[in-house]
There are 2 protein chains.
Amino acid sequence: MSTDTLIITDVSPRDGLQNQSVLLPAAAKVELVRLLAAAGVPSVEVTSFVSPAAVPQMADAAEVLAGVLKMAPLLRASVLVPNLKGLTRAIAAGASEAAVVLSATETMNQRNINMSLEVATAVCEETVQAARQAGLATRAYIAVAFECPFEGLVESSVVLALCERMLAAGVQEIVIADTIGAAVPRQVTRLLHDLAGTVPLGQTAVHFHDTRGFGVANAWAAIEAGVRRLDASAGGIGGCPFAPGAAGNVATEDLVLLARKSGLHTGIDMDGLRVALEYAESWLGRPLGGRTMAWHRRKQREAAEA
Amino acid sequence: MSTDTLIITDVSPRDGLQNQSVLLPAAAKVELVRLLAAAGVPSVEVTSFVSPAAVPQMADAAEVLAGVLKMAPLLRASVLVPNLKGLTRAIAAGASEAAVVLSATETMNQRNINMSLEVATAVCEETVQAARQAGLATRAYIAVAFECPFEGLVESSVVLALCERMLAAGVQEIVIADTIGAAVPRQVTRLLHDLAGTVPLGQTAVHFHDTRGFGVANAWAAIEAGVRRLDASAGGIGGCPFAPGAAGNVATEDLVLLARKSGLHTGIDMDGLRVALEYAESWLGRPLGGRTMAWHRRKQREAAEA
C-alpha cells in the first residue's frame, strides 16, 4: 500500500442513515451502497446489528447486508455489532467484518448503553474475540475520544488504555472517533502522537464529525500525522436532520477533493460519488453535500446561466 | 507579542460587503465596524478607495473611514487603495493604514484591472512608497497566490518575487491570499515554507476563502507554520450572495473557536462578535455565519426546546 493512498470507509449507510427521520427501505440502502462501491469507495459500513427496538432505522440489517453481499461482492463491507447477540445475527447474515463501539468515558457509557466503562470494555473484548474466532475482520471505535458531552476533555492515557485492550482482544483497526465533532487539529495531532507507540499507524483510523466545521482540518491533521484510514460520509449525511450539514460526518466528497488537491489518491470517482449522493437525496428529500458539493453545484449553475 | 496570540484582521466591511447586492448606508457600515471593535477585534479592513464606478458598494469610503475614526478611535483600521489616486483620497479621509492588492498572474491582472503584471506591480510599488512617505502603515495582498482561475496553479517562485518587490517598496505586512478559495493545507504549508527566507513570519499574514470548505484547515496549516496574522470575515460574509456561506472568507467566529480550543488567544469575545454578526444580518436580510455559528444556533434552539 502506498503512503499516498487514503482508504476511506464511507459510513453514510450506517452513521448517516441511523440519524434520519426518513426510513429507507432495505433495497434503497443496498442501492446506495452499490452506487458507493461503483464510485470506487473501497470500504463501506453498511448497517448496524443493534437492537431494532433501540434503532428502528437499522431493523433491516440482515436484509441490507445480504443485498450488499450480492450486489457489491468485492466491497469491503463492515457492520456494527453492539455485543455477542448482534455479532451472532451479523455472522448469520454473512458478515465478514464487524465493528464494535467503545465510548471512552464512564458517563457516556452509562447514558448511552446503561453500562459502566469496565463492563462496556469487557463486552467489546468478548465480541471482538468471538468475531476473530469466527474468522471476521474487526474494527473498534473509541468514541468520544477527544471530548465527551458529559465529562469534557478526555485524557490521551484513557484512550490509550482502551486501545491496548482492544488490540489485545485481536482487533485489526482502531477508529479514533470525535463523535460530537468537538476536536480541533491540535488535539488530533497530540492524541495521535500519544498513541503512536501503542497503535501501529497502519491499524489506526479516524472518524470525524463536522459539527463545528473542523472536520476537514482534523482529517488533514490526521493525514499529516501519517494516518491513511479515514471514515467519512457521502454528502456529510448524519447528525441532526433539522440542521442540514451542521452535524454530520465529514463529507466523503470533501476528503476526495482534499486528497486530489494534495497529491493523494482515494480511488474514488467524484462523478460516481455524486450519483450516489443524488440517490440518497432523492430518498431523504433534502439537499446533501459538504462544502465541496455546494461549490460544485454553484459552478454547474453558473455554467448553465452563462 | 506572544506566539500564542493570533491577530485577526476582520475584512467583512470590505471584502464582505463589496460582494453584496444589498447596499448598506455608511452609518451602518460604521456601526458594524464599531461592534467588531467592541467585540475585541484588533484590526479591521473598513473600506476600499476604489473607483465608485467600479465598485458602487464602496463609494462612501471617505464617510465610512471618518465615522470609524470617530466611533472606534483605538481600532487598527486599514483601507484598500488601488493606486495613488485612491491613496490620495484615503489620506485626505484620515487613513493611517493602507493595503494594496497585487494579483500574482498576468491574466488575472489583465482581466481584473486591465494592466499587465509588471504595470500592476509598479503601481503597487509606487502606492506603497507614497503611503510610507505619508507615514501610513501598509499591507500588500498577493492575490491568487495559490491558484488563478485563468492560469491554474501558481509557482512559489512567482509569489516570492512579488513579495520581494513589495518588501523592497517598504510594505510592513504581506498578505498571502487564496482569493478563490482553491488551496489545500499542503499547498499552504509548502508556500509558507518557500517564503520563509524572504518574508519574516512577523510580517506574514494569510487570507483564505472558504469556497470549498478548506478555509479553517488552511488557516490551521498557516498557524502550524508559525503565522499569527490571519484575515477573516465576521459571519463568513463575502463571495456570491446567491450561495450563502459557500464562497465567503473564512469566518472570524470559526477562527476564534479554533484558537480558543487550541490554547491560542485572539482577544475576541464570541458574544460580542455575535452581536456584530446579527447586526450585519439585520441589514443583509439573510442568516450569516460559519459552521461554528450554525452549531451555536442549534445549541440555542435545543436549549429553548428542552
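**Strand pairs in chain B**

I began with strand β3 (residues 76-80) of chain B and strand β4 (residues 97-103) of chain B, which pair in the parallel sense over two bridges. Two strands count as paired if DSSP finds at least two bridges between them. Helices (H or I, at least four residues) and strands (E, at least two) are DSSP runs, numbered from the N terminus. I looked up V79(B) and found its bridge partner in β4(B) to be A98(B).

I note that this is a predicted model, in which local features need pLDDT of at least 70 and side-chain atom pairs count only at pLDDT 80 or more, while totals for chains, interfaces and linings use all residues. Residues are numbered from 1 along each chain as its sequence is written, and chains are lettered from A and ligands numbered from 1 in the order in which they are written.

**The barrel**

I then traced the sheet of chain B: eight strands close into a barrel in the order β1-β2-β3-β4-β5-β8-β9-β10, with parallel pairing. Neighbouring strands of this sheet are turned by 25° against each other on average, direction ignored. Helix α9 (residues 215-224) of chain B packs on the sheet and touches β8 (173-178), β9 (204-208) and β10 (229-232) of chain B. Contact here requires C-beta atoms, placed from the backbone, within 7 Å. The direction of α9 makes about 170° with that of β9(B). Axes are lines fitted to C-alpha atoms, for helices over the stretch in contact, and angles run from 0 to 180 degrees between N-to-C directions.

**Strand β8 in chain A**

A residue is buried if 20 or more other C-beta atoms, placed from the backbone, lie within 10 Å of its own. Six of the six residues of β8(A) are buried, so the strand is largely enclosed by the rest of the structure.Four bridges join β8(A) to strand β5 (residues 137-143) of chain A, and the two run parallel. In β8(A), E173(A) is the bridge partner of R139(A). On to strand β9 (residues 204-208) of chain A: five bridges join this strand to β8(A), again in parallel. One bridge partner in β9(A) is H207(A), which goes with A177(A).

**Two helices in chain A**

Last, I looked up α9 (residues 215-224) and α10 (residues 252-261) of chain A, whose axes come within 11 Å and cross at roughly 50°.

Key
Two residues are in contact if their C-beta atoms, placed from the backbone, lie within 7 Å. A residue is buried if 20 or more other C-beta atoms lie within 10 Å of its own, exposed if 12 or fewer, and partly exposed in between; C-beta atoms are placed from the backbone.
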